Amino acid sequence: MIDDIRFEHTTPLQTQLYQHLSQRIIHRRYLPGSQLPPSRQLAADLGISRNTVNAVYDQLKAEGFLQSRAGRGVFVHQDLNLAINQPTGGAIQTMQAMTLPPLPPAPASRLKLGEDANLPFQPGLPDINAFPIRSWNRILHHQESRTSLRGYDTTQGYQPLRRAIADYLRASRGVRCQEHQVIVTNGAQQALSLIADVLLKPGDRVFVENPGYRGARYALGRHGNPLLPVPLKQQVLDVGVLDSLGAAKLLFCTPTHQYPMGGILDVSQRMALLQWARRNQTWIVEDDYDSEFHFYNKPFAAIQGMFDTAPALYVGSFSKTLLPALRVGYLIVPEALVDHFLWAKRVSGGETPLLTQATIAEFIDSGQFTRHLRRMRQLYRDKWHHFQARVTEKLGGRLAPIAESAGMHLVLKGNVDDLALSQQLRDLGFGSTALSEHYIGRTAQTGLVMGFASASESQIEACVDALCRLTDYDER
């Protein structure tokens, strides 16, 4: 008999009665082979419709919990005796609360991007309020009407978008590629993960800039491959030390705007890096994450395009140039590797959303992408000037800007507890990351990585004032 249950609405009632009876059977309140009350009696006892009871009984029968015996009634299915009872040493073990299998160890490092990932000054966040949403929506609505975009496409990516990306990269970055070498990915992070899946075997070493981009370390090191830090010299990868470090399967770098320090690898350094990679049979992973935002000079041509068959994989993203919410990136690989990467993407992630790809393709082909970049470059240059001027004026050297005329963030170096300072800023509604978190090993500089692109003029003023108060308190 079921005690103390009263139901008012049919649908919730059926759900609750189903859950109640099934749990009683699982936990042996009703034993296999035992008889349940007739539906008329159970309905009367509960004060509910007999149809409700019959519907629940029918569902439990269909799932194998119950069975009917002609002329006798409804019984708990006898076969459950073998499933629920586990004989051990002649005794019957009752099935109690289930326990999970052994869990893997927790990751040593975790990205802490959650509900506060869109705070002003969060590194990597563009000015989403400046995005031309009306123009975008017009293109989106146009694409929505196309029935061909409502189904599946290819794992490699929407062909017009791949063509547009290849044309854009050849013209703006000197990348040597055709559309069949372009793989559209679910953000740049998937591109990095695919590189690890395709090119790394157990024990292969990976060189990474130190300090450097943590997302690349998580992706390239997730299979347990050793990550070896390469120091910087004058805010760029120190190419001169590579010969002393031995061989590696991959080298990850951000040559056009080193993340986070902002330096730019010059042409002679790029050529030396390519020569080292060829001698050592090392793949260069070139992350060109915000090359569009150089304020006074055009960025150097991509390493990938400096020579034919350069051992380089080129990674880019629309998260910085358009919107992070699109989650669309791209990967340029040599022709011989295309099928390898397509198989890995098919297995790990499948297709990138087709409608979003088609919208980006038309946004580029219509010329609006180039116009948007031009506007954002001017906007970010103004913010860059404003932010570093206020920091220099008000912080009195406690936090000094490492100013390069490019990008969407600024590094403020100083002798501070940067982990605590970053958290204090977060409590006040301002994003940042601690500079020390971008290092491997104990030798780390301290400071803040501040993404000024997402901040308004008033937010810049308020944040610098907050830094004045917080760092002045630390000094005292």
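This is a predicted model: local features need pLDDT of at least 70, side-chain atom pairs count only at pLDDT 80 or more; totals for chains, interfaces and linings use all residues.
Local features required pLDDT of at least 70 and side-chain atom pairs pLDDT 80 or more, while totals for chains, interfaces and linings use all residues. Residues are numbered from 1 along each chain as its sequence is written, and side-chain values use heavy atoms, with hydrogens and water left out.

Helices (H or I, at least four residues) and strands (E, at least two) are DSSP runs, numbered from the N terminus. Helix H10 spans residues 338-348. Its buried residues are Val338, Phe341, Leu342, Ala344 and Lys345. Buried means under 20% relative accessible area, exposed over 50%, and partly exposed in between (1.4 Å probe, protein chains only). An α-helix has 3.6 residues a turn, so residues three or four places apart point the same way. On the other side of H10, Asp339, Trp343 and Val347 are exposed. The cover over the buried residues of H10 includes strand E5 (182-185), helix H7 (188-199), strand E11 (312-317) and strand E12 (329-332). Just after H10, glycine 350 has a positive phi of about 70°.

H7 and H10 pack at an angle of about 115°, with their axes 9 Å apart. Axes are lines fitted to C-alpha atoms, for helices over the stretch in contact, and angles run from 0 to 180 degrees between N-to-C directions. H7 and H10 are therefore roughly perpendicular to each other. Angles under 35 degrees count as roughly parallel, over 145 as roughly antiparallel, 65 to 115 as roughly perpendicular and the rest as oblique. The H7 and H10 crossing is right-handed. A crossing is left-handed if the near helix is turned anticlockwise from the far one by less than a right angle, and right-handed if clockwise. H7 contributes Gln190, Leu194, Ile195, Val198 and Leu199 to the contact (heavy atoms within 4.5 Å). H10 contributes His340, Phe341, Ala344, Lys345 and Ser348.

The crossing of H6 with H11 is left-handed. Pro160, Leu161, Arg163 and Ala164 of H6 meet Gln357, Ile360, Ala361, Ile364 and Asp365 of H11.

Several loops carry backbone features. Most residues other than glycine have a negative phi, and most peptide bonds are trans. Phenylalanine 121 is not a glycine, yet has a positive phi of about 80°. It lies in the loop between strand E4 (91-93) and helix H5 (133-144). At 0% relative accessibility, phenylalanine 121 counts as buried. Glutamine 281, also not a glycine, has a positive phi of about 55°. Its place is in the loop between H9 and strand E10 (283-287). At 64% relative accessibility, glutamine 281 counts as exposed.

The peptide bond from asparagine 210 to proline 211 is cis, with omega near 5°. Proline 211 sits in the loop between strand E6 (206-210) and H8. A cis bond also joins tyrosine 259 and proline 260, with omega about 10°. Proline 260 is in the loop between strand E9 (250-253) and helix H9 (267-280).
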